[in-house]
Amino acid sequence: MKATETPPVVTVTEPAPVSKAPAQDGKKKSGEGKVLNVFSHGVLIIWAILVVMPLLWAVMTSFKTDDSILSTPWALPDKLHFENWSRAWSQAHMSEYFLNTIVVVGGSLIGTLLLGSMAAYVLARFDFPGNRFVYYLFIGGMSFPIILALVPLFFVMNNMGLLNTTHGLILVYIAYSLPFTVFFLTAFFRTLPGSVAEAAMLDGASHTRTFFQVMLPMAKPGLISVGIFNFLGQWNQYMLPTVLNSDPDHRVLSQGLVELANSQGYKGDWSGLFAGLVMAMLPVLAAYIVFQRQVVAGLTAGAVK
Amino acid sequence: MQHGKYRFIVGFLVAPLALYAVFVIWPFIQSIYYSFTDWTGLSPDFKMVGLDNYTRMFKDDIFWKSLQHSVLLVLLLPLVTLGLALFFAFMLNVGGRRRKNAAVSGVRGSGFYKIAYFFPQVLSIVIVALLFQFAYNPRSGMLNSALKGVGLDSIQPDWLGDPNLALICVMVVLVWSTVGFFVVLFSAGMASIPKDFYEAALLDGASRVTTFFKITLPLLWDTVQSGWVYMGILALGVEAFTAVQVMTVGPGGPDYATSVLPLYVYQTAFRDGQAGYATTIGVGLLIVTMVFAAIVMRLGRRERLEF
């Protein structure tokens, strides 16, 4: 969803419980503290349930039969109907959607990181006429409504023969991911010490070699953050493929799910739809839980001001 | 050092810049030009029509409805989302049981809450919208069967089918999926506020509510402000488009009750074959976006607090 948007500022630091000098422990205040504690746990748990329950419910529903989904939506499945999953995977083309998405996102992610870091490096570390202009040209793209550009873009792509093709979609994903990537990486390259690059140049390395062998490895933490951000944005992308990629054979996951919802709703195959939804949901959630710290840092990164 | 510098700069910039110019900048410029033409998008022939599209837009009821909904989203979404997120983040950081030697402390298990709250952020808005679409289903959805379950058989709203409720239903989905992100963001900001500030205030007899408005909020203002911009762009952009397009009947229905500007641009261009007029509406959306950003920047300007 957010290939081209800026997340707001702030670097995430885990709250460190700071112990300070003891405060006065009046009776009234500790009473207030206790009430507040119960209250805050109460509201926090309610929201946690509101967030987690629909997801668990979807997982549960994906193992039920169509009848029981409609008649008793809250009941547990009578047994685990794995056939829903296999039906969604093969008959409903989920496997193809996954494959298409992996190809598109893989290509665009590599392209975004490569082109983004090249542009950002030059903009961050070299003085030349027009530097500021190019920089603002890039970051200006973060706040404009994408849909406005999509109308002419559709016809530009059509004329270039890029409509409904995988490589066309990859190029568009890269182009719309560049503003944030350039913005983020420019700030990152500025923080890297210049002395290492100078030493490499003195040793006779060319600019290009210095970039690939010295600066890029140093920028790894930044690349990981912006990479996670772009990966999620591109994996979840819906608007760009909806407009620019209507060929059923090239559908990506998000389009496939909507298509699945339309056709399964029509056929009444709700269990297949939920199996598809959960199938699309679980890998991302699992990856998030494993790489929790990096994902949160990546999505909340972007120290501007 | 200077040797080959410019060749290197050009070599590194040419590919990204060319890609960006062809697929982003050029279409933007074109769309502003097309907004003054009667281009259908289907045939290559079109002519300039001056301001006709703009006068048509001002008389277009659906445009006004979509604009109204978009403005409503821009005003309400940030308010509700950021408000809830600030509330939860404050509870996480200050709502803890008083420990022996700290005036304020976070609740236990705040790590768990933050992990759980963040779930929707990593999910595609499409998945979220489809899940909720089923939850809202009037006959067999989660909500109505839960209402039945607690004996409220008489209250069975149509949710997305009810013109008065549909937009609120969409809004709930967008709030649900974005609050967690801001809880994590604000919580990180609050954790970096020195605890002495709270201690001093509590010693002076301030209540915790007062400390929120007098200490937490002012020190977090920068983050809240950029969150406001972010939510506004989201409400005018891709997320609102996706939620409405996936969830509502029509999409945009019932009876245009949920139509938003980006959706109307999309439908005018690709369903009705009026690409020229669609770009006109798009320019309208661009203006709304810019006005919004300018207002937030202006209202939000305050003295920066250092701590």
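**Domains of chain A**

I started with the domains, and in this predicted model the centres of domain 1 of chain A and domain 2 of chain A, taken over C-alpha atoms, are separated by 32 Å. I then checked the bounds: the assignment for chain A puts domain 1 at 29–84 and domain 2 at 85–300.

Next I looked up where the two domains of chain A meet. I found 13 residues of domain 1 in contact with 14 residues of domain 2. Which elements give two or more residues to the domain 1 side? I noted helix H1 (27–61), helix H2 (66–71) and helix H3 (83–91) of chain A. By residue class, that side of domain 1 of chain A splits into 5 nonpolar, 5 polar and 3 charged.

**Fold of chain A**

How many helices and strands does chain A have? I got 14 helices and 0 strands. Written along the sequence, the pattern for chain A is α-α-α-α-α-α-α-α-α-α-α-α-α-α.

Then I looked at contacts in chain A with a separation of 6 or more: 80% of them come from residues 24 or more positions apart.

**Chain A against chain B**

I turned to the pair of chains and found 91 residues of chain A in contact with 101 residues of chain B. Which element gives the most to the chain A side? H1(A) does, with 17 residues. I sorted the chain A side that touches chain B by class and got 69 nonpolar, 18 polar and 4 charged residues.

**Transmembrane annotations**

I went to UniProt for this part. For chain A, an unreviewed entry lists "transmembrane region" at residues 35–60, 97–123, 135–157, 169–189, 210–232 and 270–291. I checked two of these spans in the model. Residues 210–232 of chain A are 96% helix and 0% strand, with the end C-alpha atoms 30 Å apart.

How far apart are the end C-alpha atoms of residues 7–29 of chain B? They lie 29 Å apart, and that span is 100% helix and 0% strand. Residues 71–94 of chain B come out at 100% helix and 0% strand, with their end C-alpha atoms 34 Å apart.

Methods: Residues numbered from 1 in each chain as written. Chains lettered and ligands numbered in written order. Predicted model: local features only at pLDDT ≥ 70, side-chain atom pairs only at ≥ 80, totals over all residues. Domains from an automatic or database assignment. Contact = placed C-beta atoms within 7 Å. Helix = DSSP H or I, 4+ residues; strand = E, 2+ residues; numbered from the N terminus. Nonpolar A, V, L, I, M, F, W, Y, C, P; charged D, E, K, R; others polar. UniProt positions renumbered as here; feature names shortened; annotations may be inferred.
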